[in-house]
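Let's take a friendly walk through a protein model. Have the sequence and the 3D view ready, and follow along one topic at a time.

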Amino acid sequence: MRRTSACVSSLAIHIILLASSIPFTLSQPSFQWKDGKSDLVDQICKKTPFFDLCSSILHSNPLSPKTDLKGVALLMVNNILANASDTLSYIEGQIKQTSDRQLEQALAFCAESYIPVVKYILPQAADAISQSRFGFASYCISDAVKEVSTCDKKFSSFSQSPLGDRNDIVQKLVDVASSIIKLLLKG
Ligand SMILES: *[C@@H]1O[C@H](CO)[C@@H](O)[C@H](O)[C@H]1NC(C)=O
């Protein structure tokens, strides 16, 4: 049996994390604009493992002058949600097309990883960020990391991933979001 997503299913842990995130909600993140818009983006993206990816996403989404680190984190999570939703549709399309049993099974396994990511984990992470519950957001993001890597491992016996670099991109996006949420946690 597959493990269920902890971000979604574990109410007890949810409550513990909720309680532990209270100190974070009381302190405002100290990250500030230094010298205008592009600098905030650069400052943030430099703290993530994929500067170019981070910066291209943030530069292609016009930030309002009032956007703060929390707004940037939200934007990044919503970007992952769009990207992961597209990957899920792609997987579902591939399942319909293939006549290869082994491939079909691997794809179906991946759809099972992506469904909770798209339907619950990322929306929960976005809600948590909106409510300044950064500890729980971080917890959900690490769940998304696990799900995507579980899917990715299914293709280790294939010479080439049938998803191309889609998993890789989603993994990188999640790493970027995770770093931004860590900045929020540091406050
Ligand atoms: C997913 O992210 C990659 C990298 O930013 C981008 O090239 C691609 O267009 C995105 N796909 C969707 C559907 O957002």
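## A bond between cysteines

A disulfide is a pair of cysteine sulfur atoms within 2.5 Å. It is a covalent bond between the sulfur atoms of two cysteines. Keep in mind that what you see here is a predicted model.

How many disulfides does a search of the whole structure find? The search finds three. One of them joins Cys 7 to Cys 140, with an S to S distance of 2.4 Å. The two partners sit in distant parts of the chain: Cys 7 belongs to helix H1 (residues 6–9) and Cys 140 to helix H8, 133 residues apart. The torsion about the S-S bond of Cys 7 and Cys 140 is about 75°, so this disulfide is right-handed.

## Helix H7 beside helix H8

Now find helix H8 again, which spans residues 134–153, and look for helix H7, residues 101–130. The axes of H7 and H8 are 9 Å apart, and the helices pack at an angle of about 165°. Angles over 145 degrees count as roughly antiparallel, so H7 and H8 are roughly antiparallel to each other.

H7 passes H8 in a left-handed crossing. What kinds of residues make up the contact of H7 with H8? There are 18 nonpolar, three polar and three charged residues.

## Helix H6 and its two partners

Next, turn to helix H6, residues 69–97. Its axis comes within 9 Å of that of H7, and the two cross at roughly 160°. That makes H6 roughly antiparallel to H7. The crossing of H6 past H7 is left-handed, and their contact has 22 nonpolar, five polar and two charged residues.

H6 also packs with helix H9 (residues 166–186): their axes come within 9 Å and cross at roughly 160°. H6 and H9 are therefore roughly antiparallel to each other. Here, too, H6 passes its partner H9 in a left-handed crossing. The residues of the contact of H6 with H9 divide into 17 nonpolar, three polar and three charged.

## Around the ligand

Which residues surround the ligand? Look for Leu 53, Asn 83, Asp 86 and Ile 169. On its own, the ligand has 360 Å² of accessible area, and the protein covers 51% of that. Sorted by class, the shell around the ligand has two nonpolar residues, one polar and one charged.

Conventions. Residues numbered from 1 in each chain as written. Predicted model: local features only at pLDDT ≥ 70, side-chain atom pairs only at ≥ 80, totals over all residues. Heavy atoms only, no water. Axes fitted to C-alpha atoms, helices over the stretch in contact; angles between N-to-C directions. Helix = DSSP H or I, 4+ residues; strand = E, 2+ residues; numbered from the N terminus. Parallel < 35°, antiparallel > 145°, perpendicular 65-115°, else oblique. Left-handed = near helix turned anticlockwise from the far one by under 90°. Nonpolar A, V, L, I, M, F, W, Y, C, P; charged D, E, K, R; others polar. Near = heavy atom within 4 Å. Areas by Shrake-Rupley, 256 points an atom, 1.4 Å probe, with all protein chains shown as cover.
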